[in-house]
Amino acid sequence: MQLIACPWCGPREEVEFTYGGQAHVPYPDDPAALSDEQWAHYVFFRDNTKGRFAERWNHSAGCRRWFNAVRDTTSYRFQRVYRVDDPKPVTP
Amino acid sequence: MAELLRTHPLEAWAAALAELPDEVRITPEPFVAMVDVRVPAAASEGLAVRGTPLPTAPNTWTPTADGRMVWLGPDEWLLTSTGTVPHLLEEELRDQLRPVGGTAVDVSAQRIGLRISGTRAREVLAKGCSIDLHPRAFPAGRSAQTTLGQAGVVLLSLGEEGFAVLVRSSFAGYLASWLLDAGLEYVPLG
C-alpha cells in the first residue's frame, strides 16, 4: 500500500484518504446564465487523462481537510500534493 | 470532577482489561468534558484559550491546567477538561472565542479515552496502526488522527507514560476487544 503525503499530517496510509475527482473545476461565475448543456458540462463532464492528473483528495480518517494532488493515472504514483488555495503546479 | 450519571462504554470490558499483564496496561479513562473548538486559522496564532496557547503545529497536543488541547486541523482543536461540566465549558469557550470569530461545540459524548502503557504498548498499537510510534518519531506532545484496527482514533503520545487513545464511544467496545486480542500474546500461559 502506498503512502500519501497529506499537506497537514504528513505521509499516511492510502486507506485514510478519499478521492474527490478532478481538481480546478471552477464554479461558474453566473450559473443562472448557463444553458442546460453548459450546466451539464460543469456538473458531469471531467477529463479522463492518461498520465499526470490534478485531483482532489480528502484526508478523511485524519484531519478531514481537502487538498489537491498530481497523480500519474498510469502508475498510480503521487507526484505532488498541494493545498487547495495553491495554484496548480507546473509539471514537466 | 463533575459527577456524570452515565454508564461507561467500557464497563463490560473493564474486568478483562484489568487481567492484562504489566507489559500491556490498558485502562479506560473516566469521562471528561470535551469541546470541539474552531478558530479561523489567521486568528489562532498565539491565541490562548483558558490560559494555554493553541497548539498550531500539526499533529501536536499540549497539556492544560486540567485537561488537554489537541490539534485536529488547521482551524480545529479538541479541548478536554476534567474540572468543568460540559455545557459550562462550552459556554465559557463560546464567550471567549466569539470576538475572534471562533465557535465551540460540546462533543463530550463523542469520544472516550483509553490509556495504554507498559513496555509492550508500542508493539500492541503497531499491530493496527501504520504510524511510526517510536519515541524518536512520536515523542511526548505528538498526536495523530488515524485508524487503529478499523476504528478511527486520536492517538496522543504521553512520553514515558505511554499513549492515550481517544475513540468514538460506539467504537470503544470494538477497540477494547481488538486490544485484548492484540495483547493476548503477552499474557503469560497458565
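Across the interface of domain 1 and domain 2 of chain B, one salt bridge is found (a side-chain nitrogen of Lys or Arg within 4 Å of a carboxyl oxygen of Asp or Glu). Arg68(B) forms a salt bridge with Glu29(B), and their closest N and O atoms are 3.1 Å apart.

The model is predicted: local features need pLDDT of at least 70 and side-chain atom pairs pLDDT 80 or more, whereas totals for chains, interfaces and linings use all residues. Residues are numbered from 1 along each chain as its sequence is written, chains are lettered from A in the order written, and side-chain values use heavy atoms, without hydrogens and water.

## Extent of the domain interface

Domain 1 of chain B comprises 9–31 + 109–185 and domain 2 comprises 32–107, with bounds from an automatic or database domain assignment. Contact (heavy atoms within 4.5 Å) involves 18 residues of domain 1 of chain B and 12 residues of domain 2 of chain B.

The C-alpha centres of these two domains of chain B lie 23 Å apart.

## Strand S4 of chain A

Strands here are DSSP runs of E, at least two residues, numbered from the N terminus. In S4(A) (residues 52–58), five of seven residues are buried, that is, under 20% relative accessible area (1.4 Å probe, protein chains only).

S4(A) pairs in the antiparallel sense with S3(A) (residues 18–22) over three bridges and with S5(A) (residues 66–72) over seven bridges; pairing requires at least two DSSP bridges. Tyr19(A) stands opposite Trp57(A) in S4(A), and Ala54(A) stands opposite Val70(A) in S5(A).

Notes
Buried means under 20% relative accessible area, exposed over 50%, partly exposed in between (1.4 Å probe, protein chains only). Helices (H or I, at least four residues) and strands (E, at least two) are DSSP runs, numbered from the N terminus.
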